[in-house]
Amino acid sequence: MPAATNELVGISWLGSIPGLSTQMVATQLPADDTSWSRTGFITVALVGGSPNIYLPVKCPVFQVDCYAVKPGSNKPRWGAANVLAETIRYATLQRTGFNRLLSLTAGNVSYSPATVQTAYLTTEPRRKYSDVGDAWRVKVGLNWNSYRKVECTIVHCVDWAQAGKKKSNKTAV
């Protein structure tokens, strides 16, 4: 099973937020804006972060753009895009949505599951002007680690003496 990546974890965590879905999150906008005009869309790009040097925890920072569009209209949908950004902000403030196992898949490939311990905003949401749709941008930091299944055998042996004897006469495995 391949190792989890920062982008897969970011997309999966954002898609797991109540009110959002993994179909609304990717690294680029779909070409057909009518496919996401009802729900909005979120793009994720890795822009920085630094790995923990003492623990196996990754600490990426993502640029998250929240888009809303109304095909055939020039009227901006700033409010709808802002709601997506504020939904993400609210999720970072919740203390119950962390430390759950995220199943990671891309295409037909499954990756090692991951757990996000913390998520936080590194910037306030702000408007982003775009030709594709109206958007709000926010930067989100995550602290996460990956779980890999390791097969191992543990043998537990007990040796004891009975009836006051100093030498062992019973062994259990």
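1. Gln63 in strand E3. At 18% relative accessibility, Gln63 counts as buried (buried means under 20% relative accessible area, exposed over 50%, partly exposed in between, with a 1.4 Å probe and protein chains only). Gln63 sits in strand E3 (helices, H or I of at least four residues, and strands, E of at least two, are DSSP runs numbered from the N terminus). Setting aside neighbours within four places in sequence, Gln63 has contacts to Thr43, Val44, Ala45 and Val47, and also to Arg137, Val138 and Lys139. Contact here means heavy atoms within 4.5 Å.

2. Basis of the model. This is a predicted model: local features need pLDDT of at least 70, side-chain atom pairs count only at pLDDT 80 or more, and totals for chains, interfaces and linings use all residues. Residues are numbered from 1 along each chain as its sequence is written, and side-chain values use heavy atoms, with hydrogens and water left out.

3. Overall make-up. The chain has 2 helices and 9 strands. From the N terminus, the order of elements is α-β-β-β-α-β-β-β-β-β-β. Of the 173 residues, 35% count as buried. Take the contacts between residues at least 6 apart in sequence: 56% of them join residues at least 24 apart. The accessible surface of the chain is about 10700 Å², and carbon and sulfur atoms hold 53% of that. Accessible areas come from the Shrake-Rupley method with a 1.4 Å probe; for residues, only the protein chains shown count as cover.

4. Helix H1. Is this helix enclosed or open? The buried residues of H1 are Leu8, Val9, Gly10, Ile11, Ser12, Trp13, Leu14 and Gly15.

5. Salt bridges, the count. How many salt bridges does the structure hold? There are 4 salt bridges in the structure. The criterion is a side-chain nitrogen of Lys or Arg within 4 Å of a carboxyl oxygen of Asp or Glu. Side chains of opposite charge can pair when their charged atoms come close.

6. Asp65 with Lys128. The side chains of these residues, Lys128 and Asp65, form a salt bridge at 3.7 Å, N to O. Lys128 belongs to strand E6 (residues 126-128) and Asp65 to strand E3 (residues 60-68), so the pair ties together parts 63 residues apart in sequence. Lys128 and Asp65 are both buried.

7. Asp65 with Arg137. Asp65 also forms a salt bridge with Arg137, with the closest N and O atoms 2.7 Å apart. This pair links distant parts of the chain: Asp65 is in strand E3, Arg137 in strand E7 (residues 134-146), and they lie 72 residues apart. Asp65 counts as buried because its relative accessibility is 5%. Arg137 counts as buried at 18%.

8. Arg89 with Glu86. A salt bridge joins Arg89 to Glu86, the closest N and O atoms being 2.8 Å apart. Both residues are in helix H2 (residues 78-93), 3 residues apart, so about one helical turn separates them. Arg89 is partly exposed at 22% relative accessibility. Glu86 is partly exposed too, with a relative accessible area of 32%. Elsewhere, salt bridges that share partners join Asp65, Lys128 and Arg137 into one network.

9. Nonpolar surface patch. Which residues make the nonpolar surface patch of about 430 Å²? Ile53, Tyr54 and Leu55 make the patch. Patches consist of residues with over 30% relative accessible area and no salt bridge; like charges are joined within 9 Å, nonpolar side chains (Val, Leu, Ile, Met, Phe, Trp, Tyr) within 5 Å. Tyr54 lies in the loop between strand E2 (41-49) and E3. Tyr54 is exposed, with a relative accessible area of 71%.

10. Ala31. The loop between strand E1 (25-26) and E2 holds Ala31. Ala31 is exposed, its relative accessible area being 88%. The C-alpha atoms of Ala31 and Val132 are separated by 9.6 Å, and these residues are 101 apart along the chain.

11. Cysteines. How many disulfides does a search of the whole structure find? The search finds 0 disulfides, a disulfide being a pair of cysteine sulfur atoms within 2.5 Å. Cys59 is buried, with a relative accessible area of 19%. Cys66 counts as buried at 0% relative accessibility.
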